[in-house]
Amino acid sequence: MVAFFALTALPARALPVPPDPEKGEALAQHWCAACHLVSPDQKNANSDVPSFASIANNKKLTAKTLQVFLSTPHAKMPDMHLSRNEIADIVAYIGSLGR
Ligand code: HEC
């Protein structure tokens with residue numbers, strides 16, 4: 001799964017620095033954990049919201065669709081103004097959670 005996400009991520013040359021899943025995890029903890037279960041050890045989140053592990057295992061959501069999805073706010077999300085690189089970091093982190 002990690003390889004899958006790495007291979008389908010936007011071309012590396014499109015980004016100033018390669019996606020970093022560890023940065024992505026920190027960003028996810030900061031921006032997404034209020035609603036989503038972002039890591040396997042997180043216990044509480046909004047029950048109507050898909051966990052990042054289930055997003056990672058959803059075959060319909062590829063790195064590309066996630067990238068597009070995260071470029072616009074969803075639900076009642078705060079406007080996060082994530083940069084393309086931050087989005088790529090988060091997508092890489094989500095990819096690392098897949099089985
Ligand atoms: C205010 C609550 C909230 C925050 C904060 C939030 N989300 Fe969500 N998210 C939702 C809800 C509710 C849904 C399901 C409904 C929808 O798609 O609009 C969702 C759906 C998603 C989906 C789509 C899942 C699918 O099956 O299509 C992805 C991917 C996602 N969120 C990623 C993120 C990421 C990454 C962050 C942090 C950068 C984040 N979300 C922050 C509430 C939130």
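**Helix packing and the nonpolar core**

In helix H4, which spans residues 63-70, the buried residues are Ala 63, Leu 66, Gln 67 and Leu 70. When the helix is viewed down its axis, these buried residues of H4 fall within an arc of 100°, so they line one face of the helix. The model described here is a predicted one, and its secondary structure consists of five helices and zero strands, which gives the pattern α-α-α-α-α when the chain is read along the sequence. Of the 99 residues of the chain, 34% count as buried. Among the contacts between residues at least 6 apart in sequence, 65% join residues that are at least 24 apart.

A one-sided arrangement of buried residues is also found in helix H2, where Gly 24, Leu 27 and Ala 28 are buried. Seen down the axis of H2, these residues fall within an arc of 100°, so they line one face of the helix. The face of H2 that is turned away from this buried side carries Glu 22 and His 30, which are exposed, whereas the buried residues of H2 are covered by elements that include H3 and H5.

The packing of two helices can be summarised by the angle between their axes and the distance between the axes. For helix H2 (residues 21-31) and helix H5 (residues 84-97), the angle is about 95° and the axes lie 7 Å apart. Because angles of 65 to 115 degrees count as roughly perpendicular, H2 is described as roughly perpendicular to H5. On the side of H2, the residues that take part in the contact are Pro 21, Lys 23, Gly 24, Glu 25, Leu 27 and Ala 28, and these meet Glu 86, Asp 89, Ile 90, Ala 92 and Tyr 93 in H5. By class, the contact of H2 with H5 comprises six nonpolar, one polar and four charged residues.

The largest nonpolar core of the model contains 20 residues, and those with the most contacts inside this core are Ala 28, Val 38, Phe 52, Ile 90, Val 91 and Ile 94. At least two residues of the core are supplied by each of H2, helix H3 (52-56), H4 and H5, and H5 gives the most, with six residues.

Two of these core residues, Ala 28 and Val 38, can be followed in detail. Ala 28 is found in helix H2 and has a relative accessibility of 0%, so this residue counts as buried. When residues up to four places away in sequence are not counted, Ala 28 touches Ala 33, Val 38, Phe 52 and Tyr 93. The C-alpha atoms of Ala 28 and Ser 39, which are eleven residues apart along the chain, are separated by 8.9 Å. Val 38, with residues up to four places away again not counted, touches Ala 28, Gln 29, Cys 32, Ala 33, Phe 52, Tyr 93 and Leu 97.

Beyond the helices, Gly 98 lies in the segment after H5. The relative accessibility of Gly 98 is 16%, and because buried means under 20%, Gly 98 counts as buried. Although Gly 98 and Asn 57 are 41 residues apart along the chain, their C-alpha atoms are separated by 5.2 Å.

Key
Residues numbered from 1 in each chain as written. Predicted model: local features only at pLDDT ≥ 70, side-chain atom pairs only at ≥ 80, totals over all residues. Heavy atoms only, no water. Axes fitted to C-alpha atoms, helices over the stretch in contact; angles between N-to-C directions. Helix = DSSP H or I, 4+ residues; strand = E, 2+ residues; numbered from the N terminus. Parallel < 35°, antiparallel > 145°, perpendicular 65-115°, else oblique. Contact = heavy atoms within 4.5 Å. Nonpolar A, V, L, I, M, F, W, Y, C, P; charged D, E, K, R; others polar. Buried < 20%, exposed > 50% of the residue type's maximum accessible area, 1.4 Å probe, protein only. Arc of directions from axis to C-beta. Core = buried A, V, L, I, M, F, W, Y, C linked by side-chain atoms within 4.5 Å.
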